[in-house]
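Hi there,

I'm passing this structure on to you, and I hope you enjoy looking through it. My notes follow below.

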Amino acid sequence: MTNPGSLAAKGRPPFWCYWVVLPAFVLIWALIAWLVQSPLLPTPLQVLDTLIRESASGELWHHLGATFGRVAVAFVLAMSLGTVIGVGMGRSATTNALFDPLLVLLLNLPALVTIILMYVWFGLVEVAAVMAVVINKVPNVAVTVREGARSLDYRLEEMATVYEFTRWQRFREVWVPQLFPYLMAATRGGLALIWKIVLVVELLGRSSGVGFQLHLAFQVFDVATILAYSLAFIAVVQLIELTILQPLERRSSRWRQPEAANA
Amino acid sequence: MLELRIAGRDFGQPVLGEIFATVEKGDRICLLGPSGIGKTTLLNAIAGLDKTIPQEAVIGRDKLRVGYLFQEHRLLPWRTLSANLQLAGATPQEAENHLASVGLKGYGHYLPDQLSLGMARRAALARCLAVKPDLLLLDEPFASLDPVMAGELKTLIAGILDANPSMAMICVTHDGGDAEILANRLWYLDGKPARLQWDDVVGEAGLIDGLLGRLRRLELADS
């Protein structure tokens, strides 16, 4: 992905286009809002104004914090559980036989159903909210990691056996680097899915978080607040991408030598 | 120091038959035989990589330190040469020394994929040394190297064996010429399922020529 000649890089448009398309979009939005003159379509400036007001009152940070707390807890739980199950399924036919039918079931179960069931069974509590997200995400992680575990190189396994690697060394030095692209794919897909589900969970049964705020704004048709919270959310998600995910990816693929002559 | 009592090995159809042999300190065995006959299978069995062969079939291995030079280098591509050797049990200083002893002085911070095939194989040999092996297993160490590199590696391995007289070696090859330089004992694996057809100690000068002559006649008869 860091290699400019690779297919992934070809799929990514040039950097400058973000500075053309997005401002153009804002301009068109402003123009339409100015023409329509309706509270249902606020201008970009009104949205910015709402954003600053919410930020100054501390409301924005309180609710963003609540949402990202849930995202973080659900993410860590789903990744750990999904990785363990995925590796197990990739390495053992019995485990695979045991979990695969359940995966088919869970992968096709709408997220909304899980959320409702969790709230019905456990009440409108934090644990139920996080559980609902985790149950939705674990199957995706498991399926992705299973692919990685299936493609583990048996030759390096043999090497680790001959050179008497400890369990930890085998995990850290042999498995994790090979699973890394799959874990990264699960992470990206995971965050994208989790933050959307968390909003629904908050909308249906919590009294804090961005989802809860959106719910309140929806009841009074406060479109400016809805857009302001959305913008703040997009900004934070992009920040996570730029400050955590991309550096992590670069760091971990440093050993790949594009010019390597003899593999 | 090592005794083989292998009852056989199946991959759907039998590959290895019964194998009985002993390996003593200082034995330099070249394991010869037609390609695909099961030489690597036997080497894996000795190394303990074959889970279908019971541990009791290879007596004495758990007391030995084994260095295995695989056909591919099998160094961890995401770790430097030095780190690869340290994972096999060397200290950083020892890792440098072992790399220097195979002609890779100063290459400790290189990644395996930055090396040529010949260099990577020497680095893998250095990892074998990092475990201070009692038994060195080499699987076609000269395959796909050009004659000059193969010659250098042969001299290097012979030197290592001379410097460690109590170290035993089993080297898979299908080139009798390798045996002339390295071996003091020859195993010849053939048949279906494969057995050790001969297990000869090469003592006096000239005997190895006789064995290799026999081998060439077998190869001619084969083709």
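In which strand of chain B is B:F20 found? Please keep in mind that this is a predicted model. B:F20 belongs to strand β4 of chain B, which covers residues 19-23.

Is B:F20 buried or exposed? B:F20 counts as exposed because 12 other C-beta atoms lie within 10 Å of its own, and a residue with 12 or fewer is classed that way. Leaving aside residues up to four places away in sequence, B:F20 touches B:L4 and B:R5.

Next, the domains. Chain B splits into domain 1 (2-64 + 134-222) and domain 2 (75-131). Where these two meet, seven residues of domain 1 of chain B contact six residues of domain 2 of chain B. On the domain 1 side, helix α5 of chain B (residues 147-163) gives the most, with three residues. That side of domain 1 has six nonpolar residues, one polar residue and no charged ones.

Finally, the two chains. Their contact involves 16 residues from chain A and 21 residues from chain B. On the side of chain A that touches chain B, α8 (154-162) and α9 (167-205) of chain A each supply at least two residues.

Best wishes

How values were computed: Residues are numbered from 1 along each chain as its sequence is written. Chains are lettered from A and ligands numbered from 1 in the order in which they are written. This is a predicted model: local features need pLDDT of at least 70, side-chain atom pairs count only at pLDDT 80 or more; totals for chains, interfaces and linings use all residues. Helices (H or I, at least four residues) and strands (E, at least two) are DSSP runs, numbered from the N terminus. A residue is buried if 20 or more other C-beta atoms lie within 10 Å of its own, exposed if 12 or fewer, and partly exposed in between; C-beta atoms are placed from the backbone. Domain bounds come from an automatic or database domain assignment. Ala, Val, Leu, Ile, Met, Phe, Trp, Tyr, Cys and Pro count as nonpolar, Asp, Glu, Lys and Arg as charged, and the others, Gly among them, as polar.
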